[in-house]
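Dear colleague,

Please find below the structure that I am handing over to you. My findings follow it, arranged by topic.

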Amino acid sequence: MSSSDHAVESGQADQSREPNPSTAPSANARRRAIWILTIALLLSPAVFFAAVKALKSTSNDPRQWLPKSFAATDTYDWFGEQFGSDEIAVVSWPGCDLDDPRVPAVSDALVATPFFQSVRTGPNTLERLGGLPLNLARSAAIRRLKGSLIGADETSTCLVLTTSPAGQDDRTGAVAAIEQVANEVGGIAPSELKLAGPTVDAAMIDAESRKLLFGLAGLSAIVSFGVATFRLQSIRLAISVLLVAVYCTALGLAVLYLSGTRMNLLMTMLPPLIYVLTVSSAVHLANYYRDALQDCDADESPVRLAVSHGWVPCSLAALTTAIGLISLVFSKIEPIQEFGLFSSIGVVLSVIVLFVLLPSALIAFPPRLPTTTTSTKTAPIAGRFANFVIRRHAVLALACLVLMGFCGWRIPSIESTVRLQDRFLPESDVIDDYRWLEQKIGPMVPLEVVVHFDNQDPRDRVEQIKLVAKVQAKIAGIGDYVTTMSAFNFSPSLPRGHSVSDIVARKIINGKPIRDQLTETRFLRETDDEKLWRISVRANAIGSLDYGLLAERIQKTVEPILVEENIGGTFTGVIPLIYKAQRQLLMDLLRSFVVAFAIIAFVLVFVLRSVSATCLTMLPNIFPAVIVFGGVQWLGIPAQIGSVMTASAALGIAVDDTVHLLTWFRRGIQEGRSRHDAIRNAFARCAGAMVHTTLICSSGLIVFALSTFVPVLHFAYLMVVLLVSALIGDLILLPAILAGPLGKTFEKRSSADAE
């Protein structure tokens, strides 16, 4: 008879059960437990101090999202060394035009702050182009600046601020300075400002990080604790679980702080992930404790029995979850690497601390438990469901495998994205600002082309500018979704013949003042070996533009000219890096999943002592990943950075319930039960806890679907769907396999272990 059956016979639902005096902890055990809790309490100030420090050390540098160890990234770094940082903040507002007196007032005030080192606006650039030595007519100058500093209506303009090192260290402060100065100097309310650029993007991500840490993370903890309390039906036990989970979470953050690593947006998912996983393991251990109260002998400790039953499956579950997470370190994207490393460390530490602190709390403060527990109430349901699966095991197993095949068919064609508009919700302020700026001014996403002239090249500066203008014109002809700017935009009218005026103009352009002016605009860089001419291309941030195809098209358009004129070229900027990152996301997704799959399978071979049994066991474990990632591809949803994090994590978490179910199934076989009875016993023992842990984790994570940052939103949704799919795999596919002919593999192995 199962523990649940005993519970039904032992009392009524409105009664409470005190710990049995015969199974009460000894004085020595109680003293040890109190000492352990006291030591944890004494260490808690240091642990929580480090955790708070970690939470405050937020950094969302845009460059951390770029793939490492790429030739394209090295080229981008080289570009920065030659022309300086291209990190900017674009600022405008309704009514911001060439005659708006607030433009020079606000721009001068912002450059006076430590956050920005230079500013370029429509009015000050027109003034430069109209003055000596260029002397361009206003209409000609406006034509040169359309789409970059001046809108298509030839009046709208913006401020392009170059962010200083101080601003890059504190991007949130830089954006706050923009809002403050605009309000104080120009009387422009923050709600009227339209902001864009890498500095603004990072500040918005920082703001989202704070929202996650201090808003959604707290709500997640409350929700998951509430569900856990409902499951445990004991306030004292729920508080013990809560305090242990909070302690484990703080310990994981302390490790992050002591390592010198700073928080970023993805890392803000670390605390809730550790918290919900710790609560999940604690619920399993509490479930074993409930059973132990009924199963243990008079001279046996229920806490000791619960630990002996739970440490193997919980430790294996934590190990496999950590393996799934640590596989993310193979990513080329730094935030994903850090998340994988520290979440795996946190999971391992949490299970160790859990088995030290929670048993101590159960000994020192034994909870009052209702006689009729949730497990008792759900036991008949679990039994009926087990019988349903056993009777229809062939149909259910076939249905699951067909569903896997259907969804898996689309996995090879999975797509990914790291575009700006796919990081924020369409109705978010960030997207609204970008849309407004692109309608009023022009495209905002940068790509850089650098034309190289060797110092031995016989062509003078005039001829070089003409070639640069030729390349620029070719790029501009690609479509109206790109705009360009180069030294040509800041040069005098180029001479075309050999008249006296042309000779004078050529001499002026080849002179030092023009060189210094073009160098100041950062469109010319002269080194000991070559002259570098920069062509800045801007593409639409909002829309369906394929950046990979655009980068390839620009290169194919420009290269024939470079070959024909025997000059070099470099293609860099955010767009080609985005293209590389999109492909890298898919490689990371596949690589981390394969590595996690291989290591977990290797571990299970030693646990199950059978290759065939391990292969069958891995079927329900890959079931959720195949279903979810194939399913989202059928729905046309591209993979995000947050999606990459879920695949390997879900694989490890899926093994959690598999290990618990298989542990009780194998124990049943070793006790001499038939396979079907062993399945029923396993369901009675842990099916309820499996359902409730999935509910706890899902309820804690689904809160993050309220985020406006799409990678986190995708992470939340996918994790919840993956957890539910994993439950289906463990409660339907796995027992269907165990009940069928293939289940004899487990029966033989377990019988051999028993002998």
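This is a predicted model: local features need pLDDT of at least 70, side-chain atom pairs count only at pLDDT 80 or more; totals for chains, interfaces and linings use all residues.

Residue A89 has L161 of β4 as its bridge partner. Strands β2 and β4 are joined by 4 bridges and pair in the antiparallel sense. On β5, A196 stands opposite V90, and β2 and β5 pair over 3 bridges, again in the antiparallel sense.

Together these strands belong to an open sheet of 4 strands, ordered β3-β4-β2-β5 with antiparallel pairing. Its edge strands are β3 (116-121) and β5 (194-196), each of which pairs on one side only. From one strand to the next, the twist averages 20°.

Strand β2 (residues 88-92) is largely enclosed by the rest of the structure, because 5 of its 5 residues are buried. I88, V90 and S92 point one way from β2, while A89 and V91 point the other way, and all are buried.

Strand β3 runs antiparallel to β4 (residues 159-163), and 5 bridges join the two. V119 has L161 of β4 as its bridge partner. Helix α4 (residues 102-111) lies across β3 and β4 and runs at about 160° to β3.

Q117 is located in strand β3. Is this residue, Q117, buried or partly exposed? Its relative accessibility is 47%, so Q117 counts as partly exposed. Apart from neighbours within four places in sequence, Q117 is in contact with V111, T162, T163, S164 and P165. The C-alpha atoms of Q117 and S164 are separated by 5.1 Å, although the two residues are 47 residues apart along the chain.

**A pair of packed helices**

Helix α24 (residues 675-702) packs with helix α25 (residues 710-739) at an angle of about 175°, and their axes are 10 Å apart. The two helices, α24 and α25, are therefore roughly antiparallel to each other. By class, the contact of α24 with α25 has 20 nonpolar, 3 polar and 2 charged residues.

**Aromatic pairs**

The count of aromatic pairs comes to 9. One of them is formed by F406 and W634, which are stacked at 4.7 Å centre to centre with 5° between the planes. This pair links distant parts of the chain: F406 is in helix α15 (residues 393-408) and W634 in helix α22 (residues 611-634), 228 residues apart. F406 is partly exposed, with a relative accessible area of 47%, and W634 is also partly exposed, at 38%.

F490 and F523 form another stacked pair, with 5.6 Å centre to centre and 25° between the planes. F490 lies in the loop between β8 (482-486) and α18 (500-509), and F523 in the loop between α19 (512-520) and β9 (524-526), so the pair ties together parts that are 33 residues apart in sequence. Are these two residues buried or exposed? F490 is buried, with a relative accessible area of 1%, and F523 is buried as well, with a value of 3%.

Finally, F385, F388 and F683 form one aromatic cluster.

With kind regards

Technical notes
Residues are numbered from 1 along each chain as its sequence is written. Side-chain values use heavy atoms; hydrogens and water are left out. Axes are lines fitted to C-alpha atoms, for helices over the stretch in contact, and angles run from 0 to 180 degrees between N-to-C directions. Angles under 35 degrees count as roughly parallel, over 145 as roughly antiparallel, 65 to 115 as roughly perpendicular and the rest as oblique. Ala, Val, Leu, Ile, Met, Phe, Trp, Tyr, Cys and Pro count as nonpolar, Asp, Glu, Lys and Arg as charged, and the others, Gly among them, as polar. Two strands pair if DSSP finds at least two bridges between them. Contact means heavy atoms within 4.5 Å. Rings of Phe, Tyr and Trp (its six-membered ring) pair if their centres lie within 6.5 Å; planes under 30 degrees apart count as stacked, over 60 as edge-to-face and the rest as tilted. Buried means under 20% relative accessible area, exposed over 50%, partly exposed in between (1.4 Å probe, protein chains only).
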